[in-house]
Amino acid sequence: MSRERPLQQLPCLSEQLDGSMLSQNKPMKMLDKENTPQELIQCWSPPHKLPRISARGKENDFVLGRRPRRRKEPTGLSWDQLPDELLLGIFYCLSLRDLLDMARVCRRWCRLAFDESLWNSVDLLDVVRLDAALSQVLPAGVLTLRCPRSCIGEPRLARAPSLRVQRMDLSSCIVSPSVLGDIMSRCCHLQDLSLEGLELSDGILLSLAQNRDLVRLNLSGCSGVSPQPLGDMIRACTRMEELNVSWCDFSSEHVKSVISNIAADIAQLDISGYRQNLTMEDVKVLVERCPKLTHLDLSDSVLVTPESFQFLRSLASLRHLGLSRCYQIHPAALAELEKLPALRTLEVFGLVQESYLPVLIKALPRLLINTRCFSTVARPTPVDCRDGAVWGVRCRLSYRS
């Protein structure tokens, strides 16, 4: 009969034992909490991880920490370290499309890409629809804008209560009078403006009257205005030097409103195409009011007769005269124009037959006859101009490649 060994009492799992006791083959000892000092228990116990307490006051069982990465020192000069002045100098050398691409890089480059110094002159000739383009270009502070024969749409200009534009060519654009009126109401620094072929309104003329420095105005072929607002606008623009109101939807009252309010110092005037609405009395008042005229176009006025030549003699500075299709003037009477001392060019298309033209050239040897098919008064870009300049200013930024 085997001798039974007494059961050895095992230590409680809840007790904390020293790690060294486990590594050595020594008999387990019971720790009596009542008799063992607390300092000895803490000495034998492994270190505890203290719970982390969050900002909300709750204990987190696990806390994940991420060691911050070391930023690599740049080996060369970074674009972010370049000053704004140097970046603006670089952007100044870019084309329009490249400049718009740079604006998509970051917020800083977008701010610099639309700096006023980069948008002095812009040519948007080949842009089909301009509402999105004008929403960015006009608030950017553009001074010269060329966008003829385009669809303007409805640009958003709410963040641009006042525009800096000084020269603007909107000839033959597709635009409603309300949208055009909204654009004109924000312009007060215009010097050169072309609205050829557009439908206007009296409100647009009222906005144009705010531009006291307006020098050249092309309203050829326009319609939709009343005589009184037209005269008020012309009278307000006292610095006007060139005015083109040819072939507009004007009555005789419109013509008289223009002549009676035009600035006395005006140099070039195109008032052609009014058939029976321009009378000899209107020509007399015009010559007396504007003695400094250098270019005058009275073409397509069937009521103008050779008697007007005596009025024209008082224009000592008149260099260009247009009398095309003024059928009341006989070709032989044109020889009297030799008495105009400063006259250099004469347009008589449809009035003189080709067979009689050599005779007229011989009678007026110092004049150039029928050299311009189209008037250049207040027009932004002459027909023979190939560089796309507007009133002599070539646009730096162009949408065309």
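Which residues form a nonpolar patch on the surface? In this predicted model, they are Trp79, Leu86 and Ile90, with about 280 Å² of accessible area together.

Let's stay with one of them for a moment. Ile90 lies in helix H3, and with a relative accessible area of 32% it is partly exposed. Helix H3 runs over residues 84-91, and it has buried residues too: Leu87, Leu88 and Phe91. These three sit on the same side of H3, because they cover an arc of only 100° around the axis. What do the buried residues of H3 pack against? Their partners are helix H4 (96-102) and helix H5 (107-113).

Now for the charged side chains. Side chains of opposite charge can pair when their charged atoms come close. The count here comes to 17 salt bridges. Here are some of them:

| Salt bridge | N to O distance | Relative accessibility |
|---|---|---|
| Glu116 and Arg164 | 3.9 Å | Glu116 42%, Arg164 34% |
| Arg129 and Asp131 | 2.9 Å | Arg129 48%, Asp131 18% |
| Arg186 and Asp182 | 3.0 Å | Arg186 17%, Asp182 27% |

In the salt bridge between Glu116 and Arg164, the pair links distant parts of the chain, 48 residues apart. Glu116 is in the loop between H5 and strand S3 (121-123), while Arg164 is in the loop between strand S4 (144-146) and strand S5 (167-169). There's also a network of salt bridges, which links Asp84, Arg108 and Arg111.

Leaving out residues up to four places away in sequence, His320 touches several others, including His295, Leu343 and Arg372.

Technical notes. Residues numbered from 1 in each chain as written. Predicted model: local features only at pLDDT ≥ 70, side-chain atom pairs only at ≥ 80, totals over all residues. Heavy atoms only, no water. Buried < 20%, exposed > 50% of the residue type's maximum accessible area, 1.4 Å probe, protein only. Helix = DSSP H or I, 4+ residues; strand = E, 2+ residues; numbered from the N terminus. Arc of directions from axis to C-beta. Contact = heavy atoms within 4.5 Å. Patch = residues over 30% accessible without salt bridge, like charges linked within 9 Å, V, L, I, M, F, W, Y side chains within 5 Å. Areas by Shrake-Rupley, 256 points an atom, 1.4 Å probe, with all protein chains shown as cover. Salt bridge = Lys/Arg side-chain N within 4 Å of Asp/Glu carboxyl O.
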